[in-house]
Amino acid sequence: MKSLNLIFRRNLVMWIIAAASLAVPFFLPNRYFQDIAIMTFLWAGLSASWNLYSGYSKRLSIGHAAFMGIGAYSSSLLYLNFGISPWLGMLVGGVIAAGAALLIGGTTLRLKGTFFVLSTIAFAEILKVFATTSRNLTGGALGVMVPFKPGLQNMMWDGKIPYSVLMWAYMIVVLFLCAWLEQSKLGFQLVALGENQEAAENLGVNSTKSMLSAFVISAVLTSFGGTLFVQYILFIEPSSVMSMSHSVQFILLAIAGGMGTAFGPMVGSFILTPVSTLLRGYLSGVNGLHGLVLGLVLIAVILFRPDGILPQLKIFFRRLLKKGK
Amino acid sequence: MSGGIYALISVGLALIFGVVGLVNFAHGEFLMLAMYIAYWIYNKGGLDPYQSLPVNLIVMAVIGFLIFKLIMERVLDSDHSIQMLLTLALSMVLQNVALILWKADYRSIRIPMTNSSTNMGFLTLNTPRLLAFVIAIGASVLLYLYLQKTFTGAAMRAISQNGKAAQLMGINIKKTYMLAFVIGTVLVGLAGLLLSPIYPAFPLVGANFSTLAFIVVVLGGLSSVPGAIIGGLVIGVIESFAGYFAGAAYQQAAYFLLFILVLVFKPNGLFGKKA
């Protein structure tokens with residue numbers, strides 16, 4: 001109970017914002033804006049999943065989209081070939097992602113910074129090649145279409161609202177795990193390893209064990225996000241789901257909000273996902289302009305606010321609360 | 001034959017990593033820029049890539065200098081992960097700039113030489129490929145000699161071995177960093193230029209080559225210039241063999257697999273020094 005108390009007390013304002021955000025899609029005027037809200041929740045969850053390992057331990061994984069691909073393919077292939085409900089498929093995808101994370105983590109987590117980053121890219125690329133070439137299993141480069149049959153057991157709905165609730169729930173689950181991690185032994189160990197690996201090991205941190213467990217949790221959560229993504233889009237192809245730009249998107253949102261904080265990715269996604277989607281709409285006349293703007297924003301954040309927006313926001317709220325008293 | 005180009009791209013990357021300590025994810029985007037510059041000059045001025053070589057390299061040097069001054073200089077002391085994120089963001093910006101300026105179409109340069117071939121007695125080779133190979137290997141070897149024989153070259157090697165000690169010995173560390181970054185950019189620009197008659201330019205062309213360059217560099221021992229040259233040739237050979245025996249689709253899988261194997265069993269690279 002003490003830990004639960006800590007989890008909620010520490011970030012009370014953020015929890016209130018997260019909870020209140022569920023109401024937003026209900027007030028949005030049309031499907032376009034509701035779609036933005038859905039993607040905002042989903043990206044917040046995915047980015048927070050990435051942050052759970054890479055943010056706290058400061059070891060960038062640029063291949064996390066591979067886990068998203070695993071989740072997406074597992075659930076939809078099971079559904080298409082054997083009629084297994086995506087809810088179950090999501091769990092199967094999680095198990096496969098955990099296995100893959102154990103395999104890849106076991107071999108690469110002991111590598112030093114740069115090497116680890118490069119090996120995550122290699123892992124994602126190998127998986128992408130595999131998904132593109134094994135045509136019988138994954139449909140190759142053409143991808144897989146999931147036929148639209150609305151219903152709870154198929155995790156598909158006619159309207160946007162059920163999707164938004166689902167994505168919101170996903171985001172909350174990931175956020176809760178991150179907040180739990182922050183005050184758990186594992187979380188402290190991860191942060192210590194990120195600060196100074198040798199020192200942490202000397203103090204008795206089993207670096208392989210704690211990094212591997214966080215990596216697996218992060219991979220499983222990301223694969224869940226992959227399943228939700230495909231159930232919403234109803235289409236997957238290797239070059240888009242597993243692309244490096246997806247991995248970069250996780251990182252972008254997390255660093256904009258604040259890397260290595262539970263709510264950083266959420267703040268990043270709440271601000272950047274709607275802005276970038278709207279920008280894409282308004283700037284559609286010139287291809288690439290919105291990508292340019294996003295890239296420049298990222299560079300500016302890294303140069304001038306390397307801790308992200310969240311710390312700034314927290315100071316703002318603290319001042320606000322003090323004034324109220 | 002593509003091994004020569006890979007070597008040239010990787011040499012620049014290895015130099016920047018070895019001296020500046022920067023993992024440059026935007027390296028491939030410099031390649032892309034040079035290809036577009038070659039295309040632009042060819043399209044507007046009618047000069048083929050070999051004639052526009054000096055202009056192209058000067059433009060690349062200026063771009064390298066500006067990017068170093070405006071962006072990279074600010075994060076030299078920051079965390080590795082911050083630097084990587086920054087170059088990642090930079091590559092995103094450059095890709096989108098290319099998309100705005102030149103659209104997503106494939107732009108290729110068709111000069112008479114593209115389809116000509118040179119007979120070398122026992123084998124016949126496509127002329128631009130042969131030229132690319134010879135110039136690329138020549139430039140890489142020149143860089144190696146520069147590092148070995150000149151004072152600034154020695155300064156670069158000193159910094160890559162021990163930055164603090166080098167600074168205490170009176171080496172102007174910022175200037176050397178800048179020089180290394182600019183040389184790396186120019187070298188990858190040269191690679192792009194040599195590539196432009198044989199390979200079309202498109203905004204994402206750099207991405208393919210930069211992942212490859214990373215593999216080469218890891219294979220060669222991350223900061224070692226001769227290692228990068230040999231690594232580039234090795235990858236070129238592996239790629240063609242894998243393409244021949246297992247099919248084009250598995251080319252990439254083959255060298256990524258090799259990459260992971262090297263990382264696991266010989267993390268200092270095939271030719272790297274013991275850490």
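Reader: How many helices and strands are there in chain B?

Author: This is a predicted model. Chain B has 11 helices and 2 strands. Along the sequence the pattern runs α-α-α-α-β-β-α-α-α-α-α-α-α.

Reader: What radius of gyration does chain B have, and what would a compact globule have?

Author: Start from the chain length. A compact globule of 275 residues would have a radius of gyration near 19 Å, and chain B agrees, with 18 Å. The C-alpha trace spans about 55 × 40 × 35 Å along its principal axes. Of the 275 residues, 52% count as buried. Take the contacts in chain B with a separation of 6 or more: 75% of them join residues 24 or more positions apart.

Reader: How do I read a helix such as H4 of chain B, and what is its span?

Author: An α-helix has 3.6 residues a turn, so residues three or four places apart point the same way. Now the case here. H4(B) covers residues 80–102, 23 residues in total. Its first and last C-alpha lie 33 Å apart, close to the 33 Å expected at 1.5 Å a residue. Just after H4(B), Lys103(B) has a positive phi of about 65 degrees.

Reader: Why is H4(B) described as largely enclosed?

Author: Because 17 of its 23 residues are buried, H4(B) is largely enclosed by the rest of the structure.

Reader: Which elements of chain B touch chain A?

Author: The size of an interface is often given as the accessible area lost when the parts come together. Here, count residues. The contact takes 35 from chain B and 34 from chain A. On the chain B side, H4, H9 (205–220) and H11 (250–265) each give two or more residues. H4(B) supplies the largest share, 15 residues. By class, that side has 27 nonpolar, 5 polar and 3 charged residues.

Terms used:
Residues numbered from 1 in each chain as written. Chains lettered and ligands numbered in written order. Predicted model: local features only at pLDDT ≥ 70, side-chain atom pairs only at ≥ 80, totals over all residues. Helix = DSSP H or I, 4+ residues; strand = E, 2+ residues; numbered from the N terminus. Expected span 1.5 Å × (residues − 1). Buried ≥ 20, exposed ≤ 12 C-beta atoms within 10 Å, placed from the backbone. Contact = placed C-beta atoms within 7 Å. Nonpolar A, V, L, I, M, F, W, Y, C, P; charged D, E, K, R; others polar. Rg over C-alpha atoms; globule rule 2.2 N^0.38 Å.
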